[in-house]
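I opened my notebook to look up a few things in this structure. Here is what I wrote down.

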Amino acid sequence: MGELKLMKGNEAIAEAAIRAGVDAYFGYPITPQSEVIEYLMAEQPEERTGMVVLQAESELAAINMVYGAAAAGKKVFTSSSSPGISLYQEGISYIAGAELPCVIANVVRGGPGLGTIQPSQADYFQSTKGGGHGDYKLYVLAPASVQEMADFIQLGFDIAYKYRNPVMIQSDGMIGQMMEKVELADQRPRWTDEEIKQMHDSWAAFGKGDHRERNIITSLDLDSAKQEKHNHHLQAKYRRMEEEEVLFEEINCEDAEYLIVAYGSSARISMKSIDLARAKGIKAGLFRPITLYPFPMKQLNAYVGKVKGILSVEMSAGQLIEDIKLAVECNVPVKHFGRYGGMIHSPEEVLTALENLIKGE
Amino acid sequence: MMDIKDIVKEENLVYTKTKLMTDNILSYCPGCGHGTAHRIVMEVIDELGLQSQTVGIAPVGCSVLAYDFMNIDMIQAAHGRAPAVATGVKRTMPDKYVFTYQGDGDLAAIGTAETIHVCNRGENITMIFINNGIYGMTGGQMAPTTLEGMKTSTSPYGRDLKSMGNPLKITELIAQLPGTYYVTRQAVHTPAAVRKTKKAVFKAFEVQKEKKGISFIEIVSNCNSGWKMSPVKSNEWMVEHMFPFYPMGDIKVDGELVKSNKAEVKS
Ligand SMILES: Cc1ncc(C[n+]2csc(CCOP(=O)(O)OP(=O)(O)O)c2C)c(N)n1
Ligand code: SF4
Ligand SMILES: [Mg+2]
C-alpha cells in the first residue's frame, strides 16, 4: 500500500506530479488552484527529483513553456482555472496540432468572464469540443475525488505519450479545495536523457545527431492537401481513443428505471441523491463518465429500452446533456438539472429534479 | 573551351555553403536580409560544432519556415511566443544551446510581454531579432518599429505618431534589464556588416556557453517587398532612414551598458 495522506485535491495533484517523474511544471496563479504551484514551490521538487517549477508571467507564457519542454521530449504538467485556461487555448491548439504529449489540469470556476472563484462545470464544451481553433480533441479526464486527482496524473501521462496528445484533467473548485484521504503512488524516477533519446528520437527536438534527419515540431503546413492529410491522421487517432480509451463507472444501474448521468463533483453529489431516491422506492442509478472525451457513447446507449428517463446533472446551464442526447439518440427522455455560476446543488435538489422528471414535469 | 566541371573543383573552392543550411530553396524574396541572417547563425553553430546540441525556435512571420532551411532540430512557435517556448526548452535542458529567431512584429508587438520577461529572468538563451520595420509576411502592415512618416498598408499616409504611437526601440529597453548580458545592433547588407554580425553571433553563443544570461542581437534588415523598393534601393533607404533611428553597434557588453547608450537613455 502506498503512503496515505490527508490532502487537498490541488495538493494531491501536485504531489502526484512529482511522484510521476514529471520534468517540469509551468503555471500562473489563479484561484481556486493556486495551491498547485504553491505546494510545488514549497516542496522544492528540484531537490527531490530534479523537477523544474517556474512561475510564468502569464498563462500565454506558461502554456508555451509547456509546448517547448514537451517538444524537447520532457514530461510536462501545468494547471490553471477557467479564465487562465481560456488564455491557454492558443497554445493547446498548437500542442494538439504538433502532437505533443502533456497534462493540463483545469480546476474549473464559475463564469463567464472573471465570474466567481466558486466551483463550476461550465467549461465542458471548452474541454471536450475543441476550445481553441481547428479540428482537434483533448483526452479529458474528470476526477470525482482527491484520490482520482492524484491517480489521473499517471494515467494522463500514459495516454498523452501513447497517443502523443495533450490530456486535460477537468476538475473544479470543490475537488481542488476539499481534503480527503489519498493513497499516493511510489516515486517514479524521471526519465534520463538517454531514455528520452531512446523513446523519442523519432520526433522530439533535443538536438540533431548525425544518425538522423533534423526533427521539426510544427503545426504548419502551407500545402492544404498535406494539412488535410495531417488532419486525417489526427482524426484516426481520436477514433482509436474512442474505441479503446473510454472510462466510466456505473452505480446501482443494473435494475435502474431512471439514470442520473453526472461527472466529477456532480457525480459525487448524485451518489447521495440515488441513495435518497432508493430509500423512497425509486429505482435510480448513477452513470458516471470518467472520460468526458472520448464520451462513453455506446456504453450509455446500452440503456436505451431499459430506462424510462435520464437526468443530466451538471454545475452548468446544460452542456453535458448534449452528449447524453447524442449517446441515446433521443430514444430516452433526457432532462438537465444543475445550479451554476458558482452555486453547488444539494443531493435533495437533485432528488427533487429526478422526481419532477418521473412526474413528467 | 573550359567546361563548368573544370572550374568546380575542390582546389578552386573559396566558399561553400555550410552543411547546416539545407538545400531547400529559400522562400524569401530575392534581396531580403532573412536568408543572409539564417546563414550567419548556421555558420556559427557549424563552426562551433554545436549542431547536435542546439535547438532553434522559429517565429510566425516570413521566417516561420526557418526550419525548412536550418539543418538543426527546430520548434515552430505561435506568434510572439518564441521566448516562452525557448524557456521551456532551456529550463529542461540547461546544457543545450537554444536560440529564438524573430521578426519585429513577433518580438516587439504581440510577444512584447514574453520578450521582456525572458530578458528579465535572464534565461540563458540567444535571441536573434530581425527588425525590418514592417510586417513582411502578411503583406506590409505597420509594425511597432515602423518609422515616423513611413508608409505601410495600414499607415497608407505615413505613420502618424499622435494616433499610431512611436516606433519602439525594444532593444534599448531590454538592455536596461539586469538579465541581459550582451545586447547589440547589427546589419547584413554589406560584406563588412556580415562579418561584424557573425562576430556578434559567435559572442552570443559564447555568452550562452558561459551561462551568463541573455544575448540579444538585433539585425536591422530590409524588406524590399514590403517597402516596395528594389533590393538595392531598399538597402540605401535602410542606411539613410533606419540606421539614424536604430544606430549600429553594441548597446550592452559583459552586462554593462556601453557609454553612449547610457547617455542616450537619459536624454
Ligand atoms: C495570433 C496571430 N495573429 C496574427 C497573425 C498574422 N501574422 C502572421 S506574421 C505577422 C507579422 C509578422 O511580422 P514580423 O514579425 O515583423 O516578421 P517579418 O515577416 O517582417 O519577418 C502577422 C501579424 C498570426 N499568424 N497569428
Ligand atoms: S516580404 Fe519582406 S521580409 Fe518577407 S521575404 Fe519578402 S522581403 Fe523578406
Ligand atoms: Mg518585420
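This is a predicted model: local features need pLDDT of at least 70, side-chain atom pairs count only at pLDDT 80 or more; totals for chains, interfaces and linings use all residues.

I started with Asp323(A), which counts as buried because its relative accessibility is 3% (buried is under 20% relative accessible area, exposed over 50%, partly exposed in between, with a 1.4 Å probe and protein chains only).

Residues are numbered from 1 along each chain as its sequence is written, chains are lettered from A and ligands numbered from 1 in the order in which they are written, and side-chain values use heavy atoms, leaving out hydrogens and water.

Which residue forms a salt bridge with Asp323(A)? I found Lys129(A), with the closest N and O atoms 2.6 Å apart (a salt bridge is a side-chain nitrogen of Lys or Arg within 4 Å of a carboxyl oxygen of Asp or Glu). Asp323(A) sits in helix H13 (residues 320-328) of chain A and Lys129(A) in the loop between helix H6 (124-128) and strand E6 (139-141), 194 residues apart (helices, H or I with at least four residues, and strands, E with at least two, are DSSP runs numbered from the N terminus). Lys129(A) is partly exposed, at 39% relative accessibility.

Next I checked Asp255(A) and Arg278(A), whose side chains meet in a salt bridge at 2.9 Å, N to O. Asp255(A) is partly exposed at 35%, and Arg278(A) is partly exposed at 26%.

Last, I searched the whole structure and got 37 salt bridges over all chains.
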